[in-house]
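Dear colleague,

I am handing over the structure below, followed by a short account of what was found in it. Please read the two side by side.

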Amino acid sequence: MNKYHRFTELLLQSRYAVALTGAGISVESGIPDFRGSDGVWAKYDPLEYGHIDSFRADPAKVWNMLVEMRALVESVSPNDAHYALGELERLGVLKMVITQNVDSLHQRGGASNVVEFHGNFRGMHCDKCRRPYKSSEVSLAELPPLCACGGPIRPDVVLFGEGIPEQAYSLAFDAALKCDLMIVVGTSASVAPASDLPLVAGRRGARIVEINPEVSELPREVTEMHIMEPAGAAFRNIMKIVKSFAH
Ligand code: APR
């Protein structure tokens, strides 16, 4: 039995499978990851651009990076890995996608039960009074966009130094406590608390399987199986087998 058959068998035998995804799943859509050699953090120093204190000290500067990121996110499309997760949810095999990504590509790829651990670019809010805005109603002609209260408006993405949105946090950790299989795709597993999710699930005996062309920081003893391939290619193989079972 090859690794794809074994992976698909684990998937189809599971009662409550969830996926945890990171920037790597969107690389084949054209969004560079954060920690790769041409990653976001190679171009922008994370402390200078990705931290809430940097935003508060100089919102216009951080907005310059955010404008670039948002334009990129809006210009790309889901890839076969996003579509596969959407299809697996539709088939009832996958119960939830927990993503660290802010690109909305899982939803565009057909998944509906998506927990956005690090927020998204669809919404914005005032950093001072918390008033919510739709991204479409905020003009970016001048940066930073300002709220009626005078505070700077920012996207609903989680910056370093901030907490995880409460509901996303509890849904994700509840799933880690409930799942019997967690598929970890395209994350370096280097940023807590997201990186704790597979550890919490694994400690309770859930199977942890990984899809990543590189070795991540997930401890080896936690991972039952590691498919060292790009997510798109891996899911194309997996879906061929899933479909052969469905017939
Ligand atoms: N398919 C699957 N995995 C891939 C692919 C691919 N085609 N290309 C790269 N990867 C893997 C890399 O090997 C790496 O392990 O994706 C991972 C991306 O890791 P990071 O760049 O660290 O991204 P992520 O884990 O999502 O980062 C977590 O850190 O900067 C913050 O808030 C940001 O949500 C982000 C968090």
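Please note that the model is predicted, with local features needing pLDDT of at least 70 and side-chain atom pairs counting only at pLDDT 80 or more, while totals for chains, interfaces and linings use all residues. Residues are numbered from 1 along each chain as its sequence is written, and side-chain values use heavy atoms, with hydrogens and water left out.

The domain assignment of the protein chain gives domain 1 as 1-30 + 78-118 + 164-247 and domain 2 as 32-75 + 120-157, the bounds coming from an automatic or database assignment. Their C-alpha centres lie 27 Å apart.

Across the interface, the rule finds 1 salt bridge, defined as a side-chain nitrogen of Lys or Arg within 4 Å of a carboxyl oxygen of Asp or Glu. The side chains of Glu 116 and Arg 122 meet in a salt bridge, at 2.8 Å from N to O.

**Around the ligand**

The shell around the ligand draws at least three residues from each of domain 1 and domain 2. Of the 21 residues around the ligand, those that come nearest are Arg 35, Trp 41, Thr 187, Ser 188 and Asn 212, where a residue counts as near if one of its heavy atoms lies within 4 Å. A polar side-chain atom of Glu 28 is 2.9 Å from a nitrogen atom of the ligand, whereas a polar side-chain atom of His 118 lies 2.8 Å from an oxygen atom of the ligand.

With kind regards

Conventions
Polar contact = N/O pair within 3.5 Å; in protein donor to acceptor, adjacent residues only side chain to side chain.
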